[in-house]
Amino acid sequence: MAAASGRFYVWGTGICLSLNNLSFLIYKLKFLLSMKKVKYLVAALLLMGATTTFTSCIDNDEPAGITELRGAKAELLKAKAAVELANAAYVEAQTQYELAMVEQLNLTNEGIKLANELQQAKNEEEIANINNRIEQNKLIQQKILLELNQQLAEAQKKYDDAMAALELSKEFLSDEVLAVLEKVQQNYNNAYLALYGGVKTETAPDGTVTTVTVEGAKNKLEQAYKDYEEDVINADNYINEATLNNVLATETAERDAIKAELDLKKEALSILLASDEYTAWKNLQQVYNAKKDSLEIVEGDKKNQIEKIISENVSVITAAKTAETKVKKTEKAAVATETSSVTIESGDYAAQLGFQNGTYVTFADGKFTANFKAKVLALTINEGDKKNANPGERDYDYLLDDKAEFDVNQGYKAFSEEIDAAVKAIQKAKEEVTSNDIANDAANLPGLKKTMETAKETADEAVAAWNVAVAAYQADPDGGYSATQFVADQKEAESYITSIAGAASKDDATVIVLYPKFMEIWNKWIKYGYETKADYSTAEKLYNAAKAGSVDMPTQPLTFSNEKNLTAASLKAFGMEKIDGKFVLVQPSDEVIREAANGDYYNYLVAKDKYENTLANTEVVATYDKAVEQVTAWKTVLSTARASYLEDNKEVIDGVSSALQNVTDKIVTPVAKVNLKQTTDALKIVEDVLKYGIETTDGKIQNLDKLVSTLEAAIGKQEGSTDSEGQFVVTSTGLYFELENAEKAVLRAEKMLELYKAGSLSEQYVIEWAENKLNVAKAEYESAVNDFNYWSKKLAEITNKLYDTAGESAE
């Protein structure tokens with residue numbers, strides 16, 4: 001609609017044009033048309049509009065099939081009672097509401113009167129009294145509203161109960177009866193929304209669902225009461241000559257803008273219809289409409305051919321569906337009749353597996369068990385993208401992508417995955433063993449064994465020395481080798497070396513006699529701790545050293561006691577001199593030696609542990625490897641069973657392939673030869689030309705019908721005229737209608753100004769004007785109340801009739 005500023009909007013484009021713009025546009029159009037550039041005309045004049053009218057009706061005849069109700073009396077009684085309660089509650093709420101609104105209006109008028117008195121009050125006592133009365137009025141209004149809201153909430157609860165009861169009763173109704181009830185209920189709900197407001201959903205033709213908030217006549221009336229009070233006390237609403245002159249100027253400008261827009265669009269339409277471009281388009285439209293008619297005939301003929309092919313081969317389609325049904329009904333089978341198990345290890349390592357038991361493979365007490373009794377072998381039809389949930393007997397396209405195959409999802413896939421999980425768990429346990437500090441490679445065992453044996457020899461020697469020390473200590477605890485004895489031995493040894501040095505040869509009788517005597521002293525020194533590299537293991541070696549004057553003998557006294565010898569032997573053998581303050585006279589246990597963590601025997605125990613643990617781990621790894629091999633073999637059992645199952649059902653599977661090939665040979669291929677697509681593609685091209693136009697060597701011939709229709713709709717029809725179809729126009733539309741209303745508005749503004757100048761308008765006019773606005777809201781509310789009461793009555797009538805009929809049937 002045009003604005004007072006002389007601007008109008010091109011609907012749907014977001015473009016705003018002024019009257020000056022439009023005048024220039026028509027001038028430009030004339031020029032462009034003379035230059036054969038009608039495509040600019042199209043772009044310039046694309047104006048759109050749309051109106052939609054919705055109607056509904058209700059059939060009040062007795063519902064068909066109502067006597068079919070059986071066993072519904074109880075639920076329908078609840079629904080009947082709930083509807084009656086809801087209707088009664090709303091009737092009472094409406095009555096109280098109307099009385100309250102009258103009281104509200106009286107309080108509002110009294111408030112306006114008190115406000116005027118307050119302005120004229122002359123002393124504080126008078127002002128205080130008036131303010132007290134104003135506050136009392138407010139409290140009364142609040143109390144009235146609170147009571148109304150409470151009563152309406154109770155009515156709302158009864159309404160919700162009634163709707164819930166109706167929903168429960170519907171399961172006892174036939175489709176015919178249900179359709180009538182739901183139609184009445186829908187009108188009842190719509191009437192409720194129109195009266196009290198709320199939220200509803202609307203579904204567009206394309207399936208889009210939107211939520212709409214309905215304000216409700218009751219809310220509008222309450223707002224109208226508030227507006228009435230504000231309008232009456234608002235000083236800006238009281239008229240004067242300046243405001244009336246301004247209204248007249250605004251309405252006159254609005255009328256002139258609409259008239260200018262109407263004239264410009266009428267002129268633009270006239271130019272367009274007379275243009276060569278429009279004539280070219282109508283000629284092209286005639287030619288392509290003829291082509292369209294011809295192609296539609298061909299298309300219909302081809303569709304009939306296809307229909308004939310399908311009709312003659314319905315049995316082929318049925319056979320394919322039957323073949324697929326056989327596959328779907330093929331019984332599932334098990335792999336074997338008994339379970340199979342593999343034992344891993346009953347010790348700690350089995351507990352480390354952490355395997356999550358499945359449906360087909362479980363682990364308990366160091367044993368994996370596979371349930372080959374489970375039926376995991378099955379067939380399925382793998383449907384393609386064209387699958388049809390509810391196919392007719394002539395539908396076949398959806399079959400073409402189907403394939404009969406083994407169904408891994410009936411347990412086979414899960415079984416296989418659980419076997420893989422078991423193998424993974426065993427391998428993980430094996431990795432945990434091999435990751436220990438102890439080497440587990442069998443190649444290391446010989447070296448570890450040799451180390452253990454060497455350590456054992458060393459430990460045995462140490463233990464033997466300890467045993468000698470123990471015997472010596474027990475024989476003579478205080479015995480040993482004194483300094484005096486050492487000096488005597490030293491002098492005796494020196495005399496032997498002197499005599500040996502004086503002998504003629506190593507074979508001299510002196511050497512032979514004295515050599516054993518010297519070695520007795522020598523060995524005593526070595527025993528008591530003398531450390532030397534000298535080697536006198538033969539008489540010749542000693543003779544040579546004596547001749548050379550190089551015999552190695554201790555120069556410092558060697559002292560020794562059996563007690564000291566015992567503690568030294570204990571420390572070397574067992575890593576401790578005493579146990580609990582006492583000499584070690586009995587060999588300690590391995591546990592005690594391990595605690596001491598020292599000595600030759602401890603070193604032997606360490607080497608022994610390392611060898612034995614490595615040996616044990618190597619055996620555990622071998623156990624895991626064997627278990628992996630056995631569990632993995634289960635997959636071979638599965639795959640073998642699958643192959644056997646498919647072989648057993650080969651005829652059923654091949655039956656699907658054969659049936660689908662028959663569909664292809666007898667339907668798909670012949671239908672493809674008809675080549676319906678070629679015709680539909682050609683028809684689409686023709687329809688696109690009729691919709692958008694076509695490019696020619698002289699330029700584009702464009703579809704101008706939409707532009708003409710848009711202009712005609714914008715211009716509209718004038719009351720009293722005859723339209724293009726010869727029909728008499730009863731009511732103006734479009735810009736003609738807007739212009740008539742604008743002219744009426746100008747006349748009203750002129751009359752108001754005339755009455756004001758004649759002194760016929762006063763403050764009472766403002767009150768009457770505000771009352772008129774309030775009366776409009778009242779009328780809408782009363783209409784909504786009547787509509788709601790009408791459908792409440794209808795809903796009560798139908799629930800009563802349903803209940804009575806159900807009662808008769810039950811009896």
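I began with Lys259 and Asp263, whose side chains meet in a salt bridge at 3.2 Å, N to O. For a salt bridge I took a side-chain nitrogen of Lys or Arg within 4 Å of a carboxyl oxygen of Asp or Glu. The model is predicted, so local features need pLDDT of at least 70 and side-chain atom pairs pLDDT 80 or more, while totals for chains, interfaces and linings use all residues. Residues are numbered from 1 along each chain as its sequence is written, and side-chain values use heavy atoms, without hydrogens and water.

Lys259 and Asp263 are 4 residues apart in helix 7 (residues 241–273), about one helical turn. Helices here are DSSP runs of H or I, at least four residues, numbered from the N terminus. I found Lys259 partly exposed at 42% relative accessible area and Asp263 partly exposed at 36%. Buried means under 20%, exposed over 50%, and partly exposed in between, with a 1.4 Å probe and protein chains only.

Next I looked up Lys265 and Glu261, also a salt bridge, at 3.0 Å, N to O. Lys265 is buried at 6%, and Glu261 is buried at 5%.

Asp723 forms a salt bridge with Lys717, with the closest N and O atoms 3.5 Å apart. Asp723 is buried at 17%, whereas Lys717 is partly exposed at 40%. The count of salt bridges comes to 20.

Last, I checked Glu418 in helix 11 (residues 412–434). Glu418 is buried yet has no salt bridge, and the nearest side chain of opposite charge, Lys635, is 12 Å away. Lys and Arg count as positive, Asp and Glu as negative; His and the chain ends are not counted.

Definitions and conventions
Helix = DSSP H or I, 4+ residues; strand = E, 2+ residues; numbered from the N terminus.
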